[in-house]
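Hi everyone, thanks for coming. Let me put the sequence and the model on the screen, and then we can walk through the aromatic rings together.

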Amino acid sequence: MTEEIFSHKHIEEDGGIIEIRILKVPKTEKNPEGIAYSLVYIKNGARIIGYDNFEGHEKENMRHHKHVRDRILPYDFIDEWKLVEDFTEDVEKIKKGS
C-alpha cells in the first residue's frame, strides 16, 4: 500500500519550479526504508538539481542519488526530514551561485 507523506509544488516568481513528493511504500529488499521520493528544482525548463531513489542506478550502487545538472552523485539517505533539509540547502546554494 502506498501512502503520501508529503507533496508540494511551488512556482517561484522567476518561473523556477520546486516539486517535492515523498511516499511511504511497502518495504522490499530493494527499498528497505519503505520510502520513495522525488525532489526537483527546475529552472528555464531544465532540471538543475533532483533527488530520487527510483530504480536505474543500482549498478553504480546508487539507489539513493541526486542529479546535479548532468552528473549523478550518491546520496546518503537518513530519513525524509534530512532529505528535505539537504535538498533545500542545495537549492539555496544554487540560487546563490555556488
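Let's start at Leu83: leaving aside neighbours within four places in sequence, Leu83 is in contact (heavy atoms within 4.5 Å) with Ile22, Tyr37, Leu39, Tyr51, Tyr75 and Phe77. Before going on, please keep in mind that this is a predicted model, where local features need pLDDT of at least 70, side-chain atom pairs count only at pLDDT 80 or more, and totals for chains, interfaces and linings use all residues. Residues are numbered from 1 along each chain as its sequence is written, and side-chain values use heavy atoms, without hydrogens and water.

Now, how many aromatic pairs does a search of the whole structure find? Three, counting Phe, Tyr and Trp rings (six-membered ring for Trp) with centres within 6.5 Å; planes under 30 degrees apart are stacked, over 60 edge-to-face, the rest tilted. Tyr37 and Phe77 are stacked, at 5.4 Å centre to centre and 10° between the planes. Tyr37 sits in strand E3 (35-43) and Phe77 in the loop between strand E6 (71-74) and helix H1 (80-95), so this pair ties together parts 40 residues apart in sequence; helices (H or I, at least four residues) and strands (E, at least two) are DSSP runs, numbered from the N terminus.

The rings of Tyr51 and Tyr75 have centres 4.9 Å apart and planes at 75°, so that pair is edge-to-face. Both are buried, that is, under 20% relative accessible area, with exposed over 50% and partly exposed in between (1.4 Å probe, protein chains only). Together with Phe87, Tyr51 and Tyr75 form one aromatic cluster.
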